[in-house]
Amino acid sequence: YLHECVNQAEKVGSAASRPLALACNYLGEIYSLQKNYPESIKFLERGIGINERTKDYTSLDREYGDLANVYKESVNSEKAIEAYKKALELAFKRYGKENNRVQDYLVALIELLERKGRDTEAKEYKKKYEYIKPLREKK
């Protein structure tokens, strides 16, 4: 059904850009759950592109975060790092540092940078975004 939504929204044009971007994101998430990473990336990037063209930033940080997670799962660390950086930047502008989403992106980015031996860059991100302990309590 989502594929049909995408097809119908494309026929409507710019008036349906938000629903089209959402449908693309949902398809990307579904393909990710199925471990079909190429299709997931294709739809997530498509949704991001629509939102960037229409300057709809409401969920863009989450979409970049989803894309980063898929790249990470598909073992493309460099692209995951770039997507986490973008997600972090957007979320920080929108929510500030004391937000779970911001801290989740920051933790994921720092872990990847450290795993790749980029400790100096990881330290810079910790300092720039005033890294604090994850806000979510672990039980």
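Which residue just after α4 takes a positive phi? That's V75, with a phi of about 60°. Before going further, keep in mind that this is a predicted model, where local features need pLDDT of at least 70, side-chain atom pairs count only at pLDDT 80 or more, and totals for chains, interfaces and linings use all residues. Residues are numbered from 1 along each chain as its sequence is written, and side-chain values use heavy atoms, with hydrogens and water left out.

Let's step back to the overall picture. The protein has seven helices and zero strands, so its pattern along the sequence is α-α-α-α-α-α-α (helices are DSSP runs of H or I with at least four residues, strands are runs of E with at least two, and numbering starts at the N terminus). Of the 139 residues, 43% are buried, meaning under 20% relative accessible area with a 1.4 Å probe, protein chains only. Take the contacts (heavy atoms within 4.5 Å) between residues at least 6 apart in sequence: 55% of them join residues at least 24 apart.

Helix α4 runs over residues 60-73, and its 14 residues reach 20 Å from first C-alpha to last, close to the 20 Å expected at 1.5 Å a residue (the expected span is 1.5 Å times one less than the number of residues). This helix is mostly covered, with 10 of its 14 residues buried. Among them are Y64, L67 and V70, but also D61, E63 and D66. The cover includes α2 (17-33), α3 (37-53), α5 (77-95) and α6 (100-115).

L109 is a handy place to look around: leaving aside neighbours within four places in sequence, L109 is in contact with I81, Y84, K85, L88 and Y125. The lysine in that list, K85, sits in helix α5. Is K85 buried or exposed? K85 counts as buried because its relative accessibility is 16%. Not counting residues up to four places away, K85 touches R118 and E121 as well as L109 and Y125.

How values were computed:
Buried means under 20% relative accessible area, exposed over 50%, partly exposed in between (1.4 Å probe, protein chains only).
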